[in-house]
Amino acid sequence: AQRRLAAQGLLPALEVQGAALADRGAGWALSPGAAADGNAKVGAAAKLPLLLLRERGRFSAAAARAEQQALEVARVRRDVGIAVRAAANDVAALERLLGARRAAAAQARVLRDGEQRRFEAGESTLFLVNARERAVLDEDAKLAGLEAKRLAAGAALEAARGGTS
């Protein structure tokens, strides 16, 4: 709108005047029959802005502001797209890590159960059973932490997409 307004300042102002004149006895009022006598006055004028360069500058400044705003909109859209892709990549990476961590926790349980059977058979010590149990607890703690990170990344993805949840 500002650019259009500035463009209007560059246009010349055209003014056309016309008047049919009556003779003095009837006064100076316009009358339909007066133009038939040929007593008419017609004039035209075109006015250019006195400071045309200033008007051109206003137009250029308005066009530059419009272009700057369009570039800002494009930048914000690009930034939002990048944020969404980054959040989606984080979620996907955490999903892969969760799969690997779940497998590691399952393996730790298998080792603990095997060590427990060996202890019951008299082939192991209580120290090794406790070490395997400690490994299971460590894996469970890491798994819980990774699941919390996954939930946070999911919330960040939803926020980047513009969700409210």
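Biologist: What covers the buried residues of α3?

Modeller: The cover includes α2, residues 52–120. Contact here means heavy atoms within 4.5 Å. Buried means under 20% relative accessible area, exposed over 50%, and partly exposed in between, with a 1.4 Å probe and protein chains only.

Biologist: What should I keep in mind about the model?

Modeller: It is predicted, so local features need pLDDT of at least 70 and side-chain atom pairs pLDDT 80 or more, while totals for chains, interfaces and linings use all residues. Numbering runs from 1 along each chain as its sequence is written, and side-chain values use heavy atoms, leaving out hydrogens and water.

Biologist: Which residues of α3 are buried?

Modeller: V129, V136, E139, L143, L146, A153 and L157.

Biologist: What makes α3 a helix, and what does its length reach?

Modeller: Helices are DSSP runs of H or I with at least four residues; strands are runs of E with at least two; both are numbered from the N terminus. α3 covers residues 126–161, which is 36 residues. Its expected span is 1.5 Å times one less than its number of residues. The span from first C-alpha to last is 52 Å, close to the 52 Å expected. Just after α3, G162 takes a positive phi of about 100°.

Biologist: How many helices and strands are there in the protein?

Modeller: Three helices and two strands. Along the sequence the pattern is α-β-β-α-α.

Biologist: What makes a set of residues the largest nonpolar core, and which residues are in it?

Modeller: A nonpolar core is a set of buried Ala, Val, Leu, Ile, Met, Phe, Trp, Tyr and Cys residues joined through side-chain atoms within 4.5 Å. The largest one has eight residues: A87, V91, L94, L98, L143, L146, A153 and L157. α2 and α3 are the elements that give it two or more residues. A87 is in contact with A156 and L157, leaving aside neighbours within four places in sequence.

Biologist: Why is E139 called buried?

Modeller: Its relative accessibility is 14%. The limit is 20%, so E139 qualifies. E139 sits in α3. It touches R101, A104, A105 and A108, not counting residues up to four places away in sequence.

Biologist: How do you know that E139 and R101 form a salt bridge?

Modeller: The term needs a side-chain nitrogen of Lys or Arg within 4 Å of a carboxyl oxygen of Asp or Glu. The E139 and R101 side chains meet at 3.0 Å, N to O. That is within the cut-off, so the pair counts. E139 lies in α3 and R101 in α2, so the bridge ties together parts that are 38 residues apart in sequence. R101 is partly exposed, at 25%.

Biologist: How many salt bridges does the structure hold?

Modeller: Twelve. E72, R75, R78 and D79 are linked in a network of them.

Biologist: What makes R118 and E115 a salt bridge?

Modeller: Their closest N and O atoms are 3.8 Å apart, under the 4 Å limit. R118 and E115 are three residues apart in α2, about one helical turn. R118 counts as partly exposed at 38%, whereas E115 is buried at 5%.

Biologist: Why do residues three or four places apart point the same way?

Modeller: An α-helix has 3.6 residues a turn, so such residues point the same way. D138 and R134 in α3 are four residues apart, about one helical turn. They form a salt bridge, with the closest N and O atoms 3.9 Å apart. D138 is partly exposed at 32%. R134, at 53%, is exposed.

Biologist: What does the side chain of E115 make a polar contact with?

Modeller: With the side chain of S124, at 2.3 Å. A polar contact is a pair of N or O atoms within 3.5 Å; within protein, one must be able to donate a hydrogen and the other to accept it, and residues adjacent in sequence count only if both atoms are side-chain atoms. At 2.3 Å the E115–S124 pair is within that distance. Leaving aside neighbours within four places in sequence, E115 is in contact with S124, L128, V129 and R132.

Biologist: What share of the 165 residues do buried residues make up?

Modeller: They make up 13%. Among contacts between residues at least 6 apart in sequence, 69% join residues at least 24 apart.
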